[in-house]
Amino acid sequence: MIDAKIIDIDVQDIRFPTSLQQDGSDAMHTDPDYSCAYVTIKTDKEYKGYGLTFTLGRGTEIVVLACKALFKIVKNHTTTEIYDDFASFWRKLTCDPQLRWIGPEKGVIHLATAAIINALWDLWARIENKPVWKLLTDMTPEKLVSTVDFRYIRDIVTEEQAIEMLRNNMIYKNTQESMLIRNGFPAYTTQVGWLGYSDEKVENLCKLYLDKGFTAFKAKVGQNLDDDIRRCEVIRKVIGYKNKLMLDANQVWEVDEAIEWMTKLAKYKPLWIEEPTSPDDNFGHSLIKDKLKQYNIGVASGEMCANRVLFKQFLTFGMDFCQIDSARIGGINEILAVYFMAKQKNVPVCPHAGGVGLCEMVQHLQMWDYICLSQTTENRMIEYVDQQHEHFENPVQITNAHYMPPVNPGYSTKIKDECILKYAYPEGEYWKSKQSNKNLEK
Ligand SMILES: [Mg+2]
């Protein structure tokens, strides 16, 4: 391991004007400008690490400040110190005796943790000259498990059990890896069904993605029942009933309302309803899950689940599909904890993606899971949204509706320099020219 000292950080507020086209719009987030707090960790050697957390525009400046506050804990540590005992370092970052008061392990401070931890994993993979999925899969079970803080989850899964799970699967690893390199990992598309899109646009996009080989499609629902019925009709007319349809309410309903609404949409046979109510409401999710079972509609959730402790509740009571998010909770270390719990509870992981860089990152984790842990694609797929990839130096590669394993070193998180110059907020060229146009209008 090359021993590099971490000496500095650069944090950018980067915002893309996606609200202009209604891309990303749902029942709760009606005009998102897809954004990120983007972290570059600098060392005293030639290596840098790039990481980010995803945001929707306003408020990104607060996450940027939180990243800078957390960096004080990272500064002057060496890569050997960090990666030799990553779980302890992770706890130091998430459990600072003063900073933890503004979490703990939730909200802005935990989003910032994700950005920094993601940058540290990118740095590690760059030093090892491997993509993150390969870095993870090449680790011994003991080394991989040593990166995870098991505090608060040992009643579900312990370090020893996690090591055992990985050990039991080792004989199949090489076969799994060759299958992944050959076939990739299945993706589903959410591109067809943003809430702000017209019926005509939804229909055309369904045709387009069907032609591209997609077999699973997700649409946003929850603002108006008549609109939802009409949109489900449009989608099912194009994709038929052999392909999968998933629905996403983005937390908009009361518990009873969710059950009633979904009963009316049951005839369109959705595989799942995603985030039917508050992302913190495990009790509500479990009621909805029980009531919708008779229609074979599962409950999916997790993209806004705050940490592994909440995942513990949901995986036990309130989730049929677990949707980890690569830019939320405390980065890879904590997400690995969720994968182990999901395996223990037999809940399939179907990662949340889209946004900015989420597809780029989360593919690495699901590929590790496919090679080392669940070793299956059954009931599993990664969300795919065809937006914002052009800003990344190593964007995702989708072939016949499958994510192909990344080949470049790192976590696929490095954003192109020209993109930062253009979209940094508020001083980037795009936002500056927008401001001067506004001043001219006055
Ligand atoms: Mg969602």
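Trainee: What makes up residues 199-295, in helix and strand, and how far apart are the end C-alpha atoms?

Mentor: Over that stretch the chain is 52% helix and 13% strand, with the end C-alpha atoms 26 Å apart. Helices here are DSSP runs of H or I with at least four residues, strands are runs of E with at least two, and both are numbered from the N terminus. Bear in mind that this is a predicted model, where local features need pLDDT of at least 70, side-chain atom pairs count only at pLDDT 80 or more, and totals for chains, interfaces and linings use all residues. Residues are numbered from 1 along each chain as its sequence is written.

Trainee: What does UniProt list for residues 199-295?

Mentor: An unreviewed UniProt entry lists them as "domain: Mandelate racemase/muconate lactonizing enzyme C-terminal". Such annotations may be inferred rather than shown by experiment.

Trainee: Which residues of α11 are called buried?

Mentor: In helix α11 (residues 255-265) they are Ala258, Trp261, Met262 and Leu265. Buried means 20 or more other C-beta atoms within 10 Å of the residue's own, with C-beta atoms placed from the backbone (12 or fewer is exposed, in between is partly exposed).

Trainee: What covers the buried residues of α11?

Mentor: The cover includes α10 (225-239), β6 (244-248), β7 (272-274) and α12 (282-292).

Trainee: Which domains does the assignment give?

Mentor: Domain 1 (6-152) and domain 2 (171-418), with bounds from an automatic or database assignment. The contact takes 47 residues from domain 1 and 49 residues from domain 2, where contact means C-beta atoms, placed from the backbone, within 7 Å.

Trainee: Which element gives the most to the side of domain 1 that touches domain 2?

Mentor: That's α4, with 10 residues. This side of domain 1 divides into 25 nonpolar, 14 polar and 8 charged residues. Nonpolar covers Ala, Val, Leu, Ile, Met, Phe, Trp, Tyr, Cys and Pro; charged covers Asp, Glu, Lys and Arg; the others, Gly among them, count as polar.

Definitions and conventions
Two residues are in contact if their C-beta atoms, placed from the backbone, lie within 7 Å.
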